[in-house]
Amino acid sequence: MERDEILKKAQAERDGLDEREQQMLGVSFGFGAVLMAALCIALAAARIFQGEHAYDYAAILFAYLAGAQAHQCWKTRRRSAFVAAAVYTFALAANLILFLG
């Protein structure tokens, strides 16, 4: 296989994104997640100050954290990521039960 064929095949597998563009995409998702988390925390705080529960916002936040840690565990096979994913999943389930129950 020639060099050009290898490059074309690699680009086709990555949806035409080069390494820099893939890194920028990852950073963009991280930035979006931080904004989403900040909004959930602000809305939960507003609800708590009104004397209500904020289990739904906590569930959203823990769902993100569990997903991020599960993905990290899948990619790196690190035990700490697995433990964190399990803890966040438990917190997610608890908040969903409290919200729905």
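Guide: Helix axes here are lines fitted to C-alpha atoms over the stretch in contact, and angles run from 0 to 180 degrees between N-to-C directions. The model is predicted: local features need pLDDT of at least 70, side-chain atom pairs count only at pLDDT 80 or more, and totals for chains, interfaces and linings use all residues. Residues are numbered from 1 along each chain as its sequence is written, while side-chain values use heavy atoms, with hydrogens and water left out.

Visitor: Why are α2 and α3 called roughly antiparallel?

Guide: Helix α2 (residues 19–49) and helix α3 (residues 55–76), both DSSP runs (H or I, at least four residues), pack at about 160° with axes 9 Å apart. The label takes angles over 145 degrees, so α2 and α3 are roughly antiparallel. Their crossing is left-handed, meaning the near helix is turned anticlockwise from the far one by less than a right angle.

Visitor: What makes the contact of α2 with α3, by class?

Guide: Contact means heavy atoms within 4.5 Å. Among the residues making it are Met36, Ile41 and Arg47 of α2, plus Asp56, Ile60 and Tyr64 of α3. With Asp, Glu, Lys and Arg counted as charged, Ala, Val, Leu, Ile, Met, Phe, Trp, Tyr, Cys and Pro as nonpolar and the others as polar, the tally is eleven nonpolar, no polar and two charged.

Visitor: And how is α3 oriented relative to α4?

Guide: α3 and helix α4 (residues 79–100) pack at about 155°, axes 8 Å apart. That makes α3 roughly antiparallel to α4 as well, and this crossing is left-handed. The contact includes Phe62 and Gln69 of α3 and Tyr88 and Asn95 of α4. Its residues divide into 19 nonpolar, four polar and one charged.

Technical notes
Helices (H or I, at least four residues) and strands (E, at least two) are DSSP runs, numbered from the N terminus. Angles under 35 degrees count as roughly parallel, over 145 as roughly antiparallel, 65 to 115 as roughly perpendicular and the rest as oblique.
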